[in-house]
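This briefing is for a reader who is new to the structure shown below. Please look through the sequence and the model before reading the points.

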Amino acid sequence: MRTLMEEELFPSTPGKVKIERAHQMNRQLNRCFASTSIMFLWALFLIALTASYLSFQSFVSTSSRLFSSSSSSASSWGGLQWERQVRASASHRRSSGFTVLVTGAAGFVGSHCSLALHKRGDGVVGLDNFNSYYDPSLKKARQSLLSSHSIFIVNGDLNDARLLSKLFDVVPFTHVLHLAAQAGVRYAIENPSSYVHSNIAGLVTLLEAARSADPQPAVVWASSSSVYGLNDKVPFSESHRTDRPASLYAATKKAGEEITHTYNHIYGLSITGLRFFTVYGPWGRPDMAYFFFTKAILAGKPITIFRGRDRVDLARDFTYIDDIVRGCLASLDTAGKSTGSGGKKRGPAQYRIFNLGNTAPVTVPTLVSILERHLKVKAKKNVIEMPANGDVPFTHANITLAMAELGYKPTTNLEIGLKKFVKWYLSYYGFTQTGPTSTNL
Ligand SMILES: O=C(O)[C@H]1O[C@H](OP(=O)(O)OP(=O)(O)OC[C@H]2O[C@@H](n3ccc(=O)[nH]c3=O)[C@H](O)[C@@H]2O)[C@H](O)[C@@H](O)[C@@H]1O
């Protein structure tokens, strides 16, 4: 039995009218088919477009992870949301404000400088690989603090050239404050390659990105008092010998001074190297003696005090963090512009090196007695001869140059500085060492 539809379309006895009607129906159906196919094609096109956008986004973030170096914490960057965060963080609030890329922004000096720059109205974008050289939860806590001031820290490694080039594409940085490094003098015996990775390879990757950037930023970076090595002329002056480093750490910082000179010479990058002298204070580094002595003294555990040959006490020109921050900001303020563009030097550029110290060395036993007083706990002390592991017997900065050119003038002595440190330490860790109790600076 045929259905009515079949009757209409395929009459048993062909006739003109029926054929005409059949053609009419065919045309309607064809029109209908044609519009459905167009809609179908449009739908396919839209689906393909969405799919390719999504896969591009995932490619960007996957490849950024793949190409980032072997930092212990997986980096993540890329995508529109990420670019928006970077741009927002980079925008300055004062007229002619700076736009500064701060490397090592979750570190001790980096977090303090980022906050100080932001507070005076400059734009700051941080970069940090959050490695586990020391407790990453302290780095995360510093990051939270910066984030509460709308400062964004990109999670990535200095050796990730694609990330650096992306950052310079997204933001025309006026300055780079390069503080990311593998720090610590004695750890170089245990893990020498980490110093080469961060302080040599990472530095070169950063300088490559900076010299190719348009505009080229001025670079201010952290060298170290350790470059004076076996120099025994005191106080240490920038013109003294620095060709006898006592540790691999010192050697990589010294190499950094030569490498930055090369980029200044060839590409016209404006360079300021700052030789920091044993920086200490709130939110400090747990690998440094004043920090882990505090932890041990509170826990009733013994501390080891190194002593030099002939029973001479070791001494350091301990420098308080706020003084160092002022020195860093003054260096940025007085930095000349880089002179290159399109990867080529257009004229000579500024190259400077400054000591940032306190000019008042204090012996390690005196440091310990100040801590005992502030903590109101007696330390259990083991005094041993300084092992041959990279240490130097003393440091003492001549800061005449920094005073003249940066207006640098340290104002906090070790007694006051350690009091502030202990206050922060107790509020952050409490007495139990179980974890943070506060995150206020
Ligand atoms: O100013 C610098 O260039 C360097 O300052 C510090 O290095 P350092 O001065 O050796 O600081 P600490 O590791 O805190 O040592 C301070 C003093 O305590 C002594 N110390 C260290 C550890 C220990 O168990 N016992 C001990 O007596 C050291 O010999 C040294 O004299 C930083 O750790 C380096 O990253 C930085 O570059």
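The notes below cover aromatic pairs, charges over rings, strands and cysteines.

This is a predicted model, in which local features need pLDDT of at least 70 and side-chain atom pairs count only at pLDDT 80 or more, while totals for chains, interfaces and linings use all residues. Residues are numbered from 1 along each chain as its sequence is written, and side-chain values use heavy atoms, with hydrogens and water left out.

**Aromatic pairs**

- Rings of Phe, Tyr and Trp (its six-membered ring) pair if their centres lie within 6.5 Å; planes under 30 degrees apart count as stacked, over 60 as edge-to-face and the rest as tilted.
- The count by this rule is 30 aromatic pairs.
- F236 and F394 form a tilted pair, because their ring centres are 6.0 Å apart and their planes are at 40°.
- This pair joins distant parts of the chain, 158 residues apart: F236 is in the loop between strand 5 (218–224) and helix 8 (248–267), and F394 is in the loop between strand 15 (380–385) and helix 12 (400–406).
- Helices (H or I, at least four residues) and strands (E, at least two) are DSSP runs, numbered from the N terminus.
- F236 has 1% relative accessibility and counts as buried, whereas F394, at 28%, counts as partly exposed.
- Buried means under 20% relative accessible area, exposed over 50%, and partly exposed in between (1.4 Å probe, protein chains only).
- Y290 and F291 have ring centres 6.2 Å apart and planes at 65°, so this pair is edge-to-face; both residues are buried.
- Ring pairs also link a cluster whose members include Y280, W283, Y290, F291 and F318.

**Charges over rings**

- A charge sits over a ring if NZ of Lys or CZ of Arg is within 6 Å of the ring centre and within 35 degrees of the ring normal.
- K139 lies over the face of Y134, 4.6 Å from the ring centre.
- K140 has its charged end over the ring of F130, at 4.0 Å from the centre.

**Strands**

- In strand 13 (residues 351–356), 5 of the 6 residues are buried.
- Strand 13 pairs with strand 6 (residues 271–276) in the parallel sense over 6 bridges; two strands pair if DSSP finds at least two bridges between them.
- Opposite T272 stands R352 in strand 13.

**Cysteines**

- A disulfide is a pair of cysteine sulfur atoms within 2.5 Å, and the count by this rule is 0.
- The cysteine sulfur nearest to that of C113 belongs to C328, 3.9 Å away, which is too far for a bond.
- C113 is buried, at 0% relative accessibility, and C328 is buried at 0%.
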